[in-house]
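I opened a new page for this entry. My plan was to look up the parts first and the contacts after that.

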Amino acid sequence: MTQEYRKEKKYGMVIDLDRCTGCGACMVACMAENNVPFRDNETDKLKSITWMRIYQLTNGKSYPNEEICYLPRPCMHCEGHNGHSPCVTVCPAVATDYDRETGIVSQIPTRCFGCRYCMAACPYHARYFNWWDPVWPEGMEKSLSPNVSPRMRGVVEKCSFCFHRYQLAYEKAASEDRRELRENEYQTSCTQACPAGAITFGDLINKNHAVYKIKKDPRAFRLLERLKTNPKIYYLSSREWVRRAGDNYHPEEETGKIKSHQ
Amino acid sequence: MKIDRRCFLSLGIGAAAGTALSPLPWKLMDDASIWTQNWPWTPVPPDGEISYTDSTCTLCSGGCGITVRKIDDRVVKIEGRENHPVNNGGICVLGLSGTQLLYGPTRVKSPMKKINGTFQKITWNQALSEITEKLLTLRAEGRSHTVAAIAGSSRGTVSALLQRFLTAYGSPNFYCQSSIEDSFSLSHIQPQNNKTIPGFDLENADYVLSFGTGIIDGWGSPVRMIQASNAWKTKNLKLIQVEPRLSDTAARSDEWLPSKPGTEAILALGIAHVILQESLYDQAAIDYHSEGFVTWRTAVLGHYHPDKVAEITGIDAKTIFTVGREFGQAEKPVAICGRGKGNTPVSVAEMSAIHALNVLVGNVNKKGGVFTLPEPNYISWPEISFDTKAETSLQTKQIAEGGLLHRLPSAINEAEDSVTLLFVADANPCYTLTDTKEVIRAFKKIPFKVSFSSYMDETAKLSDLILPNHSYLERYEDVPVTSGLRNPVIGLTKPIVNPLFQTKHTGDVIISIARAMKGSIESSFPWKNYYQCLKNGLGQHWNPLLNNGVVEITYIPEFEEIPRFAFQIPNDKPQVLLEGNENKMDLTLIPSDSMRLSSGYIGAPPFMMKTIPDTILKDNNTLVQIHPKTAEKLELKQGCYAILKTPRDEKKVKIHLSQGIGEDIISFPRGLGHTAYDSYLAGKGINFNELIGPVEDPFSGLDVAWGIRASLIKA
């Protein structure tokens, strides 16, 4: 058999904010899948670890013209310019890396020594620091999944696009002598759980994947494109104020005209 | 060599610089961090074989299908079941957190008896013989009727077994929480004494007029509703939300009508006025489905002109005209009600005013409309046998008049020894019933309370005996779901794991107690165990249920069987008035529901608590939402403390300013303020139910309080 190399992929997401109801299922699906720890008081949101977090946006108008939009925020898996994601470039321990095979920004907790440069560098607040050792009440450690190692105190963690699901799917495909994954074989936990069907996940550069087409929707935008982080999460919204909330606009600037590096 | 000062300093600086430049401190720091990170208290989850099993979620009345992922015999993840008629793969925050309930610290691990105020472990034999003895003594003393039971639902075999036991034993005191379905049933002329339940074919509707219904905030079967609301997005259905607060549903609607709280019924009558005046109604359908139309029409045309309605509701007449016309002209318009999650009933007058819109446009019992369905009585068991003792004591009056649960606490508080023994199954009345203080006072007056709860909830904590049920992932049980589905569905829970603790199926416990009672009670329970009772009771449904995990009950009623809607002549005030003195308390307190907070009998597990925004709960404080102008008037600021006073109680809250609520209204999150469960939930925030009390609908007696008068004073 001739040696075939895996084709380069850029896994990414399109989140339809017109469909998102802010129900929080993606957040908990992520926590349950990835052994995310919890503490007695989770109301300090700077310290509450939520790989996927839902932000509430409002249009700033007064009653009764206020509008609300929910925005789920996983890690953006920025590609930056040629794989130079903001967090990857600053990590002194190579604990986080841009994987050119999948386009996923990895995080290896055992390599991380907790300098938190990456947290400072991430413009999306997608990274969280373990200020304490994780503690599961007696018996509840039975609910932990062996696919994702629980993290220890002093390291940074973040969304991995459920990379273990990719590995499992790839192993299965390899055992069937396939080199390519089918679209539905690898889906993240949040995508699977979303009752609103707001999240679409797939390979952004594969013409056969749904995300390839949806990301070209005229409603699409990405967060802080001006920073040239080149994120792999696209959002859709039919409301202009929501699209404008995705970046820092000058009042006279037209929505969606930011030139970003592709 | 003489060591002078200069030499000493240069040596010191040299040593410091040398050490700093050498890799030693960095290496040591690195090693130390790696070493501490590998301390053994970070668990390493053991690997094993992955398997998936289908079951049904019981954590709310939604009845979603779930697929449980196991590693060997450990449950590690709960996911939505694909192609399930209720949720088709979707799942909610509570369903996802189910593993934390199974393995959490709140589980009651064995039968417990309260001795001198603390719980002590006892064996099942001790527990069962104690309860049997008590029951036999009470019966011998002729006080069978003082035994009462509260169940979470009136449906399902476990609830039915408990009711059956009480009936055979000779007590008429079986209670369940009333719901919005009761209001719907009462607005119809009842056929053959069966309840009427609504079925909503919302997926196929093309215009939805919602009167405060939290369509995506947890009403009906929550996941199904979120899916339906997205089906509407793709086909441009128009959703109009009438609600005083910008809820998530209102935020998502095409038009939000911020009506004054409690005026929904009047707005509905104003809209009906437009439909009647412009002859947009379907006379044939009205004749077919209802009674009393002509007099009702005269009353509505006479008293509910949009100009007048506008004054009361705060929605301008032009909008009422537009909505009335759009509703009348739409092909499949649906009007729905039930505030927030719809767990509390509305007045029959309000239900009638709103459902009248569906009847007017003829969108009843057809595609895209509202269906009047019979209660799915799918359990067939042999008749109960009675002895004379049971027959006589069954004649006694129910302690709470009309069998209404909200009347039970005051009935107990007023009369001595009215209840001597209480069973509580799948319910947490000491948290979910309003005027909680009174409920707890009544509860404490009952000499012997028995809880079947799997978790140490408020009610279990106050009980004298806990007979813990298996968790829903450890047992067989039928899960009947109506919750506004087009057709009722019966799901089945299956034992995914062997029982972790010394628990016993509540069904088995009831059967064994009944059998120990001997005589006619024993013969009313002719089953070996619960499994046999379930299998026999479900008859033809059993095999498909066991194989597929779910059965849909499709039933097309004959004309004579269709319950007919009774138009209610609206009286002067179709509004339910608020408790409290308007002059002393000039604000209106209303609850707010959210998908991220569980307000039912199951408390929010730790994962769910993580999703709650800090605009609802900060540290242990509940935040209430008020409009900035209200705050200005009361000299309150964002984040400051205030004392919230209602006729029932007063509490310290934090203020959150919001443009999503009208002036003089306070919105309060429901589902916080637990005193039991674990440290992740207990002591967080305030229970809304403590601040409000029952207000009865004069027509039905149902508790229809939707808010209460309140005041806010800077603390």
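Domain bounds, as I use them here, come from an automatic or database domain assignment. For chain B, the assignment gives domain 1 (5–37), domain 2 (112–179 + 383–473 + 507–529), domain 3 (202–368) and domain 4 (587–714).

I noted the ground rules next. The model is predicted: local features need pLDDT of at least 70, side-chain atom pairs count only at pLDDT 80 or more, and totals for chains, interfaces and linings use all residues. Residues are numbered from 1 along each chain as its sequence is written, while chains are lettered from A and ligands numbered from 1 in the order in which they are written.

**Entry: domains of chain B**

I looked up domain 2 and domain 4 of chain B and found their centres, taken over C-alpha atoms, separated by 31 Å. Two residues are in contact if their C-beta atoms, placed from the backbone, lie within 7 Å. By that rule 20 residues of domain 2 of chain B are in contact with 19 residues of domain 4 of chain B. On the domain 2 side, the elements giving two or more residues are helix H18 (429–432), helix H19 (436–445) and helix H20 (458–462) of chain B. Helices (H or I, at least four residues) and strands (E, at least two) are DSSP runs, numbered from the N terminus. I sorted that side of domain 2 of chain B by class and got six nonpolar, eight polar and six charged residues. Ala, Val, Leu, Ile, Met, Phe, Trp, Tyr, Cys and Pro count as nonpolar, Asp, Glu, Lys and Arg as charged, and the others, Gly among them, as polar.

**Entry: a sheet in chain B**

I found three strands of chain B in an open sheet, ordered S1-S2-S3, with antiparallel pairing. Two strands pair if DSSP finds at least two bridges between them. Strand S1 (50–56) and strand S3 (74–80) of chain B are the edge strands, each pairing on one side only. Strand S2 (residues 65–71) of chain B pairs with S3(B) over six bridges. In S3(B), Gly80(B) stands opposite Ile66(B).

**Entry: where the chains meet**

How many residues does each chain give to the contact? I read 53 residues from chain A and 60 residues from chain B. On the side of chain A that touches chain B, helix H1 (25–33) and helix H5 (189–193) of chain A give two or more residues. The largest share of that side, seven residues, comes from H1(A). By class, that side of chain A has 24 nonpolar, 16 polar and 13 charged residues.

**Entry: chain A**

I counted seven helices and ten strands in chain A. Its C-alpha atoms fill a box of roughly 55 × 50 × 40 Å, taken along the principal axes. Four strands of chain A form an open sheet in the order S8-S1-S10-S9, with mixed pairing. Strand S1 (residues 11–16) of chain A pairs with S8(A) in the antiparallel sense over five bridges. Tyr11(A) has Asp203(A) in S8(A) as its bridge partner.

**Entry: one cysteine**

I looked up Cys190(A), which lies in helix H5 of chain A. Is Cys190(A) buried or exposed? Cys190(A) is buried, because 26 other C-beta atoms lie within 10 Å. A residue is buried if 20 or more other C-beta atoms lie within 10 Å of its own, exposed if 12 or fewer, and partly exposed in between, with C-beta atoms placed from the backbone. Beyond four places in sequence, the residues that Cys190(A) touches include Cys26(A), Ala29(A) and Cys30(A). Cys190(A) and Val28(A) are 162 residues apart in sequence and 8.2 Å apart in space, C-alpha to C-alpha.
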